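Thanks for coming, everyone. Let me walk you through this one. Please have the viewer open.

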Amino acid sequence: MKGNSFFYCLGQGFVGIKRNKVFFLASVATIAACVFMVGLLMAVILNVNYVIKEAQDSVCITVFFEPETSEADIQDLGKRITDWEEVSHVEYTSPEDAWEKFKQEYFKNEPELADGFANDNPLATSASYTVYLTDITYQQKVAERLEAMTGIRQVNKSEVTASALSDFGKIAGIASLAIIIVLLAVSIFLISNTITTGITVRAEEIRVMKYVGATDFFVKSPFVFEGIIIGLIGAILPLIVLFFVYRSAINYVVEQLHTFSSAFSLLPMKDVFYLLVPVALILGAGIGFIGSMIATNKYIKV
Amino acid sequence: MIRLENVTKTYDDNKTHALDHVNINIKKGEFVFIVGDSGAGKSTLFKLLIKELQPTSGDIYVNGKCITRLRRRKIPMLRRDIGVVFQDFRLLKDRNVYENIAFAQRAISAPPSQIKKNVAEVLTLAGISEKYRSFPDQLSGGEQQRVALARALVNKPKILLADEPTGNLDPGNSQIIMDILEEVNRRGTTVVVVTHNHEIVRQMNKRVINLKNGIVVNDIREGGLASER
């Protein structure tokens, strides 16, 4: 398509919108609702994944040893566990480190009480490994393997949290996908109807174009442009709304839930919108393109 | 320029032949009237020539090329060689005279400079230069048909097909349209006019192909009508 024809067809796309205001508004509203829902679900999913990731990073297995296990055996166990493919890394806490941590936590204001244990570490048998996993779902398997090892007295894990988080992520993903598919189908159907109305309104123009030798592509282009323009407008509007909604949500979490904020926080704006803006624009333009192609292929034949 | 070889057209919903083994040969630069009563097959012939319909059997040649099995994507190129004019003008009501004519050029992606030049040329040929800003509703029937004619000619077609171009016009305006068609033909375009206006046909004294029930019943050569009188 030559440059002047491109701009002519683009211009005709806008003319079509102007002539068909009611259907244009209805289509924009539907696409906007669809993109808004997709955006909202995406923001929720991104944040759920963020929370899961944070939780996964903090979920770990703590391993304590039999009292008679020697320092060399503990070192050897550590090396073997680190080599497992399910294990991301292992942190060693010596009895001294454990006692220091305990002192900081419980005798911070009365250090003289702790001094009484200076030469007799009450946590002498509390050396431990903190085992971090590459994936939260490996927890049960790794815990069982650890329990079966010689020299290990106790294995502490948080299985309920792990599976619950993992399951919640999966359910949220499936439910979101189902809702998005339904909304997409409705949007494509409605935009296709809008373009069909446009084709009917401009039937005479299309007929004349065909008689004077316009190509299929030239006749269809204005309608495809119209669909894409509607799709893009329908995507930009909810993005603006989502921007303000998400900003308010972040402010609310920071201001109202500050007591939990160390445990619960939302992804920063830029992290969400960096992904959301291209997805919404491609989605809007895609809905417009597919809807208009369905209508033009069905009703325009040279 | 136009050749029909044993062309038959039968519509699916009607088992009778709209055209029945029709053979027609129209040479380059000819001016031909196709006449006949309603249902004679005139409109079917018109639609076959612009590839709006597919013949049931037989072959159609336009400008030396067989269009019977022409691929769909090649149809626009065929139509660029054929200008068409209809009884009901088919002008776009929301565009002025200039835009109606320029529309045909834009549809074939003509460059803007060429559009201006060609539109001015056909406006002059059709004698409606002073009306270029008027909208169709502001024009008489005759003027509207001249705009339609200008639009059909602006892409410089080799063939001009006119389907009852004077059907909605008074004798005065009909004569103006015929004069323009004659001028177009003089400049080298092959002109085919489908009509049942016998008065115009007699006056013009051109070649006349008479259709009846889908069959060519006679083909009177140019000047033949005068000798028949």
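**Chain A, then the rings**

Chain A has 10 helices and 4 strands. Keep in mind that this is a predicted model. Along the sequence, the order in chain A reads α-α-β-α-β-α-α-β-α-β-α-α-α-α.

Some overall values next. Chain A has 302 residues, and 42% of them are buried. Its accessible surface is about 16,400 Å², with 64% of that belonging to carbon and sulfur atoms. Now the contacts. Take those in chain A between residues at least 6 apart in sequence: 85% of them join residues at least 24 apart.

Look at one pairing. Strand β1 of chain A, residues 60-65, pairs with β4(A) in the antiparallel sense, over 4 bridges. Val63(A) has Val155(A), in β4(A), as its bridge partner.

Now the aromatic rings. Over all chains, the count comes to 11 aromatic pairs. Take Tyr211(A) and Phe86(B). Their ring centres are 4.8 Å apart and their planes stand at 45°, so this pair is tilted. Why does the pair join two chains? Because Tyr211(A) lies in helix α8 of chain A, while Phe86(B) lies in the loop between β6 and α3 of chain B.

Are these two residues buried or exposed? Tyr211(A) is buried, at 8% relative accessible area. Phe86(B) is buried too, at 7%. Phe86(B) also has a charge over its ring: the charged end of Arg90(B), 3.9 Å from the ring centre.

Chain B has another charge over a ring. Arg3(B) lies over the face of Tyr61(B), 4.2 Å from the ring centre.

Last stop, back in chain A. Which residues form one aromatic cluster there? They are Phe243(A), Phe244(A), Tyr246(A) and Phe273(A).

Note on methods. Residues numbered from 1 in each chain as written. Chains lettered and ligands numbered in written order. Predicted model: local features only at pLDDT ≥ 70, side-chain atom pairs only at ≥ 80, totals over all residues. Heavy atoms only, no water. Buried < 20%, exposed > 50% of the residue type's maximum accessible area, 1.4 Å probe, protein only. Contact = heavy atoms within 4.5 Å. Areas by Shrake-Rupley, 256 points an atom, 1.4 Å probe, with all protein chains shown as cover. Pairing = 2+ DSSP bridges. Phe/Tyr/Trp six-rings, centres within 6.5 Å; stacked < 30°, edge-to-face > 60°. Lys NZ or Arg CZ within 6 Å of the ring centre and 35° of its normal.
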